[in-house]
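Let's take a walk through this fold from the inside out.

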Amino acid sequence: MKEQLQQVQIGKPVPDFRLPASGGGEISLSQFRGRKVVIYFYPKNMTPACTQEACDFRDLGKLFGEYGAAVFGISGDTVKSHEKFIQKQRLNFPLLSDESHAVCRLFGVWQLKKLYGREYEGIVRSTFLIDEEGKLIREWRGVRVKGHAEQVLAALQETSR
């Protein structure tokens, strides 16, 4: 039986984590204390829905920045794959590589999925908004891409008043 990990919960501090990042080095959540953070988890670089989601966050990047929020995406792809994705789509935020799926499990987004009758484990598209003190204040699970980045921006604006 697998050990049950404590998953993030709204209103509670998000445990610190550190992951390899595009651009070299690593990024940890604690680096962003004092700023709001938007973390979005997505299944795979270069796929249509993931590309659209990344581009939507890219296109709203200036507005997220105006509210002092850092945005980054996390998937199980390699840093090398992230670099190609960023270059091709001209993304203006870092992508983090969670090849072991440890952070995905922490956020409860690594789940059993079904496609054409086949079962497999993968990332369920989800987004999290963390406040300046490191507490989870909003979450969106099982996200549909269309209009999602705008929803996250509206929540950020709402919590910044």
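Leaving aside its neighbours within four places in sequence, which residues is Ile 74 in contact with? Counting contact as heavy atoms within 4.5 Å, Ile 74 meets Phe 17, Leu 19, Ile 39, Tyr 40, Phe 41, Tyr 42, Leu 96, Asp 98, Val 103 and Ile 123. Before going on, a word on what you're looking at: this is a predicted model, where local features need pLDDT of at least 70 and side-chain atom pairs count only at pLDDT 80 or more, while totals for chains, interfaces and linings use all residues. Residues are numbered from 1 along each chain as its sequence is written, and side-chain values use heavy atoms, with hydrogens and water left out.

Ile 74 belongs to the largest nonpolar core, which has 25 residues. A nonpolar core here is a set of buried Ala, Val, Leu, Ile, Met, Phe, Trp, Tyr and Cys residues joined through side-chain atoms within 4.5 Å. Buried means under 20% relative accessible area, exposed means over 50%, and partly exposed is in between (1.4 Å probe, protein chains only). Besides Ile 74, the residues with the most contacts inside this core are Phe 17, Ile 39, Phe 41, Phe 72, Leu 96 and Phe 107. Two or more residues each come from β3 (37–41), β4 (70–75), α4 (102–106) and β8 (126–130). Those labels are DSSP runs numbered from the N terminus: helices are H or I with at least four residues, strands are E with at least two. There's also a second, separate core of 23 residues, including Val 38, Leu 60, Ile 86 and Leu 156. In soluble globular proteins, nonpolar side chains tend to be buried together.

Now find helix α1, residues 48–59. Buried along α1 are Cys 50, Thr 51, Glu 53, Ala 54, Cys 55, Asp 56 and Phe 57. The buried residues of α1 pack against β3, α2 (61–66), β4, α3 (79–89), β8 and α5 (148–159).

Step along to helix α2 and you'll find Phe 64. Is Phe 64 buried or exposed? Phe 64 is buried, because its relative accessible area is 0%. Not counting residues up to four places away in sequence, Phe 64 touches Val 38, Phe 57, Ala 69, Val 71, Ala 149, Val 152, Leu 153 and Leu 156. Ala 149 sits 85 residues from Phe 64 along the chain, yet their C-alpha atoms are separated by 9.9 Å.

The loops are worth a stop too. Ser 22 lies in the loop between β1 (18–20) and β2 (26–28), and Ser 22 counts as buried because its relative accessibility is 12%. Beyond its sequence neighbours within four places, Ser 22 is in contact with Val 79, His 82, Glu 83, Ile 86, Pro 94 and Leu 95. Ser 100, in the loop between β5 (95–97) and α4, counts as exposed because its relative accessibility is 52%. Ser 100 and Gly 76 are 24 residues apart in sequence and 7.3 Å apart in space, C-alpha to C-alpha.

On to charges. Taking a salt bridge as a side-chain nitrogen of Lys or Arg within 4 Å of a carboxyl oxygen of Asp or Glu, the count comes to 8. One of them joins Arg 58 to Asp 59, with the closest N and O atoms 2.8 Å apart. Arg 58 counts as partly exposed at 22% relative accessibility, while Asp 59 counts as exposed at 53%. Arg 141 and Glu 139 also pair up, at 3.2 Å between the closest N and O atoms.

A cavity is a set of points on a 1 Å grid over the protein atoms alone where a 1.4 Å probe fits but cannot get out; a pocket is an open set with protein on both sides within 12 Å along at least five of seven lines, and lining residues have an atom within 4 Å of a point. Grid points are joined across faces, edges and corners, and a volume is the space filled by probe spheres set on the points. The second largest pocket holds about 170 Å³ of space, and its lining includes Trp 110, Lys 113, Tyr 120 and Gly 122. β7 (118–123) and β6 (110–115) each give two or more residues to that lining, with β7 giving the most, 4 residues.

Terms used:
Expected span 1.5 Å × (residues − 1).
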